[in-house]
Amino acid sequence: MIEETLVLFQNIRNPSYDKSLKGYKKVGGFKALKKALKMKPEELVEVVKASGLRGRGGAGFPTGLKWSFMAKNTGKPSYLICNADESEPGTCKDRELMLKDPHHFLEGMMIGCYAINCKHGYIYVRGEYFPSIKSLNEAIDELYAAGLLGENALGKGKRLDLTVHTGAGAYICGEESALLDSLEGKRGHPRVKPPFPAVSGFNACPTTVNNVETLTCLPFIVNEGAEAFKDFGPENNAGTHLVSLSGHVEKPGVYEVRMDVTLKQIIYDLGGGIRGGKALKGVIPGGASSPVLTAKEIDVEYSFDALGKAGTMMGSAAVMVFDEDTDVVKLLHRITRFFNHESCGQCTPCREGTHWARLIVQDFLKGNGNERKMKRLHRVGGNMMGTTVCALGDAAAMPITSFVTKFPEEFEKYYTQAAA
Amino acid sequence: MPSFELDGKTVEFEPGEKILSAAMRAGIQIPHYCYHPGMSVVATCRMCMVDVIDMGNGRPAPKLQTSCSMDAVEGMKVETMNEKVKDAKELVMEYLLINHPLDCPICDQSGECVLQDYSFEFGSGKSEMEYSKRVYGWRDIGTFVALERNRCIHCTRCDRFTREITGTNEFGMFNRGHELTVDTYSDRPMTNQFQGNMADICPVGAITEKEFRFKRRVWKLKKTPSICVGCSTGCNVTIEYDKNEVFRLKPRDNPDVNKWWMCDQGRLTYKDLNIRENRVAHPLGKTAEGFQEISWENAFSAIQEKISELQPTSNEVIGLVDTHASNEELYLFKKLLKEGFDSDQLFFPDVEWEQPVSDFFINSLITSDKNPNRAGARMLGLKGAKSSEEVTSKIPTGTKVLLVFGKPFEDENLLSQAGNISLVINIAAWQSGWSETADVTLPGRLHSEKDATYTNKAGRVQRVNTAIRAFHKTRPDWMVLCGLMELLDVDNKADSAEAVFQELSENEKGFQGLQWESIGSDGINAAQFDEDPGRNEVSELSKTA
């Protein structure tokens, strides 16, 4: 039986916690920022590098390394943008952090701003998250009133402003360069890389985009040191992380776990097993865009590297569990519909492929499937892989190819039944 | 210059240049849709994929790269035709065509459509798409271009054009994903003055010129390089014509003049080239019964007779020329007056004009100076006159001969004063007040009907070439002037526009050292050019212009 490891959720799991500034200070809030301000920004970057913190948004890129790529001495301002456009289906961890413990996250954001010399940070929040937006804005107002933000936020004469910007409901605006376009007031279309945001990002200035959870890890790392953070996981997969567990489990929710627990433990120990004692059919381990795992494959360590080795990915750590009664073709249809709707449409393979794939899956549902169409579905999906500007093409392709290869009998059932 | 290897060939590049543009400069075509050298790189059509087998450091790129967005690196090895790339192109073609209506037989782009070309070259020729195609509603986006959205392949060139080139932002992308489409904002029609360029840059038939729609299949059109004479910018164009009728003007890429663009006004000047009314089709002589068609011999002998009767002295001969005349014509006219009559009283309309200055290059193309060759007249040292009143005051009483080229200073007072002059000769392609006043009118030709050179506002000498046949009784203007010179016993050896230009470049300081050949199709800067004192920079072309 495993249990949660509380680092990010230490306040949220405390029933008597008061999320106001006063309450946060009572549990030791803003100590980390004070400590960070005593360091040089370069030292801070080194500490984060040493902690092995990897981005929690989906790609798992080392955060310290990302910061160190920021172009220096450009004469332009640097920007830290927090990507709170949590829109990967199944993911709901950032919402919890922003809603229930906003100061914890904001402290992390401020530490991040200090580390990369940012004077104005933006928090790009998913537009549908009204309560989180309200909570964040209230927290920011409190910080301004307390003088923690504004004129002397990062030491005497060092100004820091934070602005909450709400998205308008596009999945693609969670892609960092599309997010920057959207923040600039343009259509959210992913940009061609290079140049990477660290060189030319928001308003063509050096920019780092970090996830909410990533930034929320910072107070702990500064307070307790890089080694303490590393201890929470296996080599190269440092820290605890939040898992959004959903689907056919007894106790869905957001859980904080170490990186050395297995997917099976998360589902059966924390999630309480499959709903109604049914058998497991499969798990989507990292948000809708990750390749699916069958029931036999879930005894895998839930970390970036182990899942990568298992041919899938951790992504935004949204575990979606489906039981034996689930119609996999319908599930895939729902996923393809999502990507068809959310593709920005600029790249040919993704614009045309997501729609075509949806039509083929729809054909199966109508009973018009056949073996040729299954091959075609695999081909249409696979052809989106790696052929687009951003990762949405890959994200749309991976579930298609993995569902077709891992559950072929489900597709066959559709057309053999129709024939009979 | 650093270089990289493209399909085994060495290609040089400038630091920071992309693979695609370096290859294009070297004359190697890599297929592409969304890339346009004048606009930002979006790398979205995915057609220009290449296989970088060595990134210059001995390692291959992990996957196919879009050559429009990838920096060329010293020692890089790139393959554009291997199996991997071919498969990728076939795939892109398949994806582009699944929703394309394939209505080539009724599409105006057919024949110059990149989608058509590439699907022959790179497509598989078959499609597995078995569902109904995407259909967008029909939209009217204004008077100059027609939008047929079903044909669109979403390269976003048009969107980028109004954002980056004209800065007018009236056109953009709407919706998302599979429903992505182009349209104008808030149902408004397009208003910018450069819409024709959107039809040019559209790789398919989604945006076509309304002027040209359904008039001719493009493969029937013959093409002759020329320039636009609509204003003093002298945008490089191609005259496209069939059966002696001009159907359209298309801008020709010239980085020193108009880049890839031209204005819609200029495009519409193609209509003038087809007008048959109002043209002077044959020599005309004024007789008691009115104007009569006469032969060239009769015209010349009548002129000779009259001149020997009048015996004009040097200050009794005046020349007027409009600046639609080419450099050669201006030069010959000047020589005719100087050596034939010992007169230097040659006037051209020299007015102040407005040059728009803007952050957007394209706005500088339209000047308020609608004379294609004023700079040439200034460089040849002709006398400028600000207005017809000024000219009227400069014509002394007792003037015996007035030579008028084209239709300069058309003004009632001046025309009626000219009526008192014993001999008025008009050399013109168009009928005007002058041809009605003149005793003898000699027909000239339009720039589409002759070889000539013009000097644009920045002192760039550019050539036009004979595209269509003129009325068979007209002669090229240089020939007409040479004929007059013969009458007056002026020494003249030139027997072609080229020979006139060579003489001109030998004798005139501004044109020194220029060769007819070296002007080529792109033009060449004059040896000496002083900024026009009549040039007024304005932030935007004023409404009165």
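Modeller: A residue is called buried here if 20 or more other C-beta atoms lie within 10 Å of its own, and exposed if 12 or fewer do. With that in mind, and remembering that this is a predicted model, I would look at helix H18 of chain A, where A:Glu410, A:Phe411 and A:Tyr414 are buried. Seen down the axis of H18(A), the buried residues fall within an arc of 105°, so they line one face of the helix. An α-helix has 3.6 residues a turn, so residues three or four places apart point the same way. On the other side of H18(A) lie A:Glu409, A:Thr416 and A:Ala419, which are exposed.

The length of the helix can be checked as well: the twelve residues of H18(A), 408-419, should span 16 Å at 1.5 Å a residue, and the end C-alpha atoms are 17 Å apart, which agrees.

As for the surroundings, the buried residues of H18(A) pack against helices H14 (328-342), H15 (348-365), H16 (371-384) and H17 (392-406) of chain A. Among these partners, H14(A) and H15(A) also pack against one another, at an angle of about 155° and with their axes 9 Å apart. That angle makes H14(A) roughly antiparallel to H15(A), and H14(A) passes H15(A) in a left-handed crossing. The residues that meet there include A:Val329, A:Leu332, A:Thr336 and A:Phe339 from H14(A), and A:Thr354, A:Ala357, A:Val361 and A:Phe364 from H15(A).

Methods
Residues numbered from 1 in each chain as written. Chains lettered and ligands numbered in written order. Predicted model: local features only at pLDDT ≥ 70, side-chain atom pairs only at ≥ 80, totals over all residues. Helix = DSSP H or I, 4+ residues; strand = E, 2+ residues; numbered from the N terminus. Expected span 1.5 Å × (residues − 1). Arc of directions from axis to C-beta. Contact = placed C-beta atoms within 7 Å. Axes fitted to C-alpha atoms, helices over the stretch in contact; angles between N-to-C directions. Parallel < 35°, antiparallel > 145°, perpendicular 65-115°, else oblique. Left-handed = near helix turned anticlockwise from the far one by under 90°.
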